[in-house]
Amino acid sequence: MNTVTLGGTATINDLVSVARFGAKVAFSKEYEERVNRCRAHVDRFSHEGKAIYGLTTGLGDNWKKFIPEKDRETIQRNNIYAHTCAVGEPIAEECTRAMMFVMLCHFGSGHTGIRLETLALIRDMLNAGISPIVPGHGSVGYLTLEGHIGMVMIGEGKATHQGETLDGAEALKRAGLKPVVLSSKEGLILLSVTAFASLAIYDAQTLSLTADIAGSFTLEVLKGTLMAMDERLMAVRPHPDQINTAANIRAILKDSPMLERYRGHRVQDALSIRCMPQLHGPVKKAVKDAQATLAIELNSSVDNPLIFDEEDGGAVALMGCNADGTYAGMASDNLCIAITDLCKMSNSRIDRLLNSLVSELPAFLNKNADFNNGLMMIQYASAGLQGELRILAHPAVVDNLTTCANQEDYVNMGYNAAKKAYDSMHLAKYILAAELICDGQALDCYEDKRCAKGTQAIYDLLRSKVPEMDNDMPLTPYLEAVAQQIIDGAYIRTVEASVGALKF
């Protein structure tokens with residue numbers, strides 16, 4: 001199993017490796033040294049009794065209250081209790097693991113003052129497969145969800161371990177771990193925005209390339225033309241992602257007997273076919289912009305206050321607001337808009353595949369119309385999913401409510417944005433799955449089924465999960481199976497094995 005060693009630059013792929021695929025986490029010597037160096041400053045501040053937010057004072061409006069040294073362990077535990085107020089159904093285990101990984105990245109930056117033993121417990125929980133149960137609702141950008149992780153760290157709360165739900169203390173015990181007693185500043189648990197956004201970005205890249213694949217297949221079975229993908233057209237509007245999208249479609253369909261057979265069949269295709277570079281391209285740009293933002297966020301110090309070395313060997317604590325989640329939140333809102341647009345076009349292609357007035361194929365791709373409905377209802381499901389995506393595409397970060405007795409008179413709402421982005425990717429995969437299922441059924445409606453090498457590979461992968469449909473059958477299992485293939489990147493790997501690497 002892979003190991004991700006923290007201390008250098010962490011990546012979104014590192015996060016996904018740990019959160020989704022169970023990679024182990026290790027600390028480099030540099031990581032441990034910078035954590036210990038910063039912690040020494042915090043211990044000195046604590047003894048000196050300087051007024052430092054969250055370290056020697058209370059939180060929020062209680063910043064005016066000085067906390068005596070003897071009471072600071074109590075106040076840190078109380079900070080965890082006070083922030084444990086998320087509600088509703090638990091978030092996915094991979095999201096909890098992503099949050100814990102982000103905590104290690106942020107806490108271990110060398111500016112937060114957390115103890116190495118506290119970070120080691122988070123690391124060991126990840127490596128042992130202990131996942132705190134974290135309700136998914138009730139955060140404006142930070143703290144409330146992470147409070148539930150903190151509860152398990154202090155031996156309370158609930159967690160899963162080896163498929164069993166346990167009290168936090170028991171979960172730690174079974175893995176040979178002990179709860180931590182939180183010290184000065186350690187009750188301030190950080191934001192979850194980066195974790196959800198990183199998972200969403202990883203899936204968005206997979207979905208945007210899969211849209212090129214599904215769209216290419218649709219173009220072929222609808223007797224389309226590659227004219228709209230011509231390099232000369234791309235060159236005079238030289239957005240790199242538009243150029244790359246057209247190149248992907250040309251590569252997948254370059255040797256298509258079907259396109260050759262129907263050359264000149266139409267003067268031009270409908271917009272959902274010929275405009276793929278002009279829409280898939282901007283979607284990929286949005287994903288890349290989000291990737292750039294989150295690459296910085298993942299390797300940032302986002303606590304408050306932050307500790308900095310000074311030239312005389314001392315240190316200073318600076319109170320600011322690097323903990324704000326707007327960067328990741330705004331990137332997430334943009335991702336929601338982009339993926340909704342991507343699926344809007346996929347839905348238009350699904351309609352064209354099923355509408356005999358424009359497809360010149362059997363209505364609803366129904367091969368036995370006397371007693372069957374064909375794929376009529378798969379479009380209903382896709383339309384319903386699209387409606388949900390449109391709701392999620394409304395930006396979250398534009399909202400604001402005042403909290404904490406007007407001390408926090410602005411809140412970023414980044415968590416809501418990031419959670420929407422994560423949920424949007426979950427819905428989007430089903431729409432692309434519906435298009436691929438329609439593509440396969442459309443190809444089966446031809447007497448001569450010879451197609452491009454790339455689309456033949458797509459068809460074969462599809463048929464490994466979905467049979468040719470001569471009669472109606474429940475579609476949910478097939479939508480789930482193809483959606484899982486999509487999010488696992490199976491269609492990308494299959495196409496690339498056939499036609500070479502796709503461009504992103």
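Predicted model: local features only at pLDDT ≥ 70, side-chain atom pairs only at ≥ 80, totals over all residues.
Helix α8 crosses helix α17 in a left-handed sense. The axes of α8 (residues 193-221) and α17 (residues 414-444) come within 8 Å and cross at roughly 20°. Angles under 35 degrees count as roughly parallel, and α8 and α17 are therefore roughly parallel to each other. Their contact is made up of 21 nonpolar, five polar and five charged residues.

**Helix α14 beside α17**

- Helix α14 (residues 326-354) also meets α17: the two axes come within 9 Å, and they cross at roughly 20°.
- With that angle, α14 and α17 are therefore roughly parallel to each other.
- The crossing of α14 and α17 is left-handed, and the residues of their contact comprise 17 nonpolar, six polar and five charged ones.

**Arginine 349**

- Is arginine 349 buried or exposed? Its relative accessible area is 0%, so arginine 349 is buried.
- Setting aside residues up to four places away in sequence, arginine 349 touches Ala211, Gly215, Thr218, Ser272, Ile273, Met276, His280 and Glu435.

**Aromatic pairs**

- Across the whole structure, a search turns up four aromatic pairs.
- One of them joins phenylalanine 27 and tyrosine 31, which are stacked, with 4.3 Å from centre to centre and 25° between the planes.
- Phenylalanine 27 and tyrosine 31 are both buried.
- In phenylalanine 196 and tyrosine 422, the ring centres are 5.9 Å apart and the planes stand at 85°, so this pair is edge-to-face.
- Which parts of the chain does that pair tie together? Phenylalanine 196 lies in helix α8 and tyrosine 422 in helix α17, so the pair ties together parts that are 226 residues apart in sequence.
- Phenylalanine 196 has a relative accessible area of 2%, so it is buried.
- Tyrosine 422, with a relative accessible area of 15%, is also buried, because the cut-off for buried is under 20%.
- Ring pairs also bring Tyr415 into the picture, linking Phe196, Tyr415 and Tyr422 into a cluster.

**Threonine 403, in a loop**

- Threonine 403 sits in the loop between α16 (376-392) and α17.
- The relative accessible area of threonine 403 is 26%, so the residue is partly exposed.
- How far apart are threonine 403 and valine 140 in sequence and in space? They are 263 residues apart in sequence, and 9.6 Å apart in space from C-alpha to C-alpha.
- Apart from neighbours within four places in sequence, threonine 403 is in contact with Glu408, Asp409 and Val411.

**Helix α6**

- How many of the ten residues of helix α6 (residues 144-153) are buried? Ten of the ten are, so α6 is largely enclosed by the rest of the structure.
- The buried residues of α6 include Glu146 and His148, along with Leu145, Ile149, Met151, Val152 and Met153.
- Thr144, Gly147 and Gly150 are also among the buried residues of α6.
- After α6 comes glycine 155, with a positive phi near 85°.

Note on methods: Residues numbered from 1 in each chain as written. Heavy atoms only, no water. Axes fitted to C-alpha atoms, helices over the stretch in contact; angles between N-to-C directions. Helix = DSSP H or I, 4+ residues; strand = E, 2+ residues; numbered from the N terminus. Parallel < 35°, antiparallel > 145°, perpendicular 65-115°, else oblique. Left-handed = near helix turned anticlockwise from the far one by under 90°. Nonpolar A, V, L, I, M, F, W, Y, C, P; charged D, E, K, R; others polar. Buried < 20%, exposed > 50% of the residue type's maximum accessible area, 1.4 Å probe, protein only. Contact = heavy atoms within 4.5 Å. Phe/Tyr/Trp six-rings, centres within 6.5 Å; stacked < 30°, edge-to-face > 60°.
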